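Have the model open while you read.

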Amino acid sequence: MSVAFTRFVLWCLLSLLTIPVFSQKFLVLETRGRVKNRKIEAGAILNYRIKDGQGWYTSELVDINPRDSLLIMPNKSWHVKEIAALRYPKRGPKGIGTSLKIFGLSWSANQLIGTLTDNNPDTRYQKGDAILTASTVGVGYLLPALIKFREFEMGKKHRLKVIDTRPGEVKY
C-alpha cells in the first residue's frame, strides 16, 4: 500500500468523526452523595407527584424545554421545580415473591410425594408442612403488593435538573 492511500483512508476516517451530532436533552435525577445519576430522556413514562397536588400522575415525557426548564407532557407542561417526587417500580420484590411461592408449593409437593411413596409412618405430611406452605405462598403474594415502588422525594437529598447538550448553549 502506498503512503498516499494510507493518508487518504486516515483522512476519511477522521472526517467521519467530525460529523455533527444531534443534541440531546435530559432530565437528570441527582442524589446527594452518589456519582451516578439517573438520566431520563424524552419519551420515558414518568410517575410523578406535583407540589400542591393530590396523588400520583403517570404520563409520557414528550419533550424537554431546557431554556425554561419545562417538562412537556401530552396534556400539560410542568416546571421542574413543581415536581415534588418521582417513583419507579421495583422489580426485586416480584422475583422474590415468585421464588417464595415456588418454594412453598415445592415443599408441600415434596412432602406429599414422600408420604405417599416411602411407606414409613414416621415421615408423613404434617401440620407444620401445611403452615410453612401457606405462609411462604402468602408472603410471596403480599410482598410485591406491599413494596411496589421506590420513591424519590425532591428536597435535600434528591434534585431534578434539565441538561441540554447543544454546543454553546449548555444550561445547568
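In which sense do strand S3 (residues 45–50) and strand S8 (residues 83–89) pair, and over how many bridges? Keep in mind that this is a predicted model. S3 and S8 pair in the antiparallel sense, over three bridges. To find a spot where they meet, look at Arg 49: its bridge partner in S8 is Ala 85.

That pair belongs to an open sheet of four strands, which run in the order S4-S3-S8-S9 with antiparallel pairing. At the edges sit strand S4 (57–60) and strand S9 (149–153), each pairing on one side only.

There's also an open sheet of three strands, ordered S5-S6-S7 and again antiparallel. Here S5 and strand S7 (77–79) are the edge strands, with pairing on one side only for each. Here are the two sheets side by side:

| Strand order | Average twist from one strand to the next |
|---|---|
| S5-S6-S7 | 20 degrees |
| S4-S3-S8-S9 | 35 degrees |

Ile 64 stands opposite Leu 71 in S6.

Most residues other than glycine have a negative phi. Ser 69 isn't a glycine, yet its phi is positive, at about 55 degrees. Is Ser 69 buried or exposed? Its relative accessible area is 16%, and the cut-off for buried is under 20%, so Ser 69 counts as buried.

Conventions. Residues numbered from 1 in each chain as written. Predicted model: local features only at pLDDT ≥ 70, side-chain atom pairs only at ≥ 80, totals over all residues. Heavy atoms only, no water. Buried < 20%, exposed > 50% of the residue type's maximum accessible area, 1.4 Å probe, protein only. Pairing = 2+ DSSP bridges. Axes fitted to C-alpha atoms, helices over the stretch in contact; angles between N-to-C directions.
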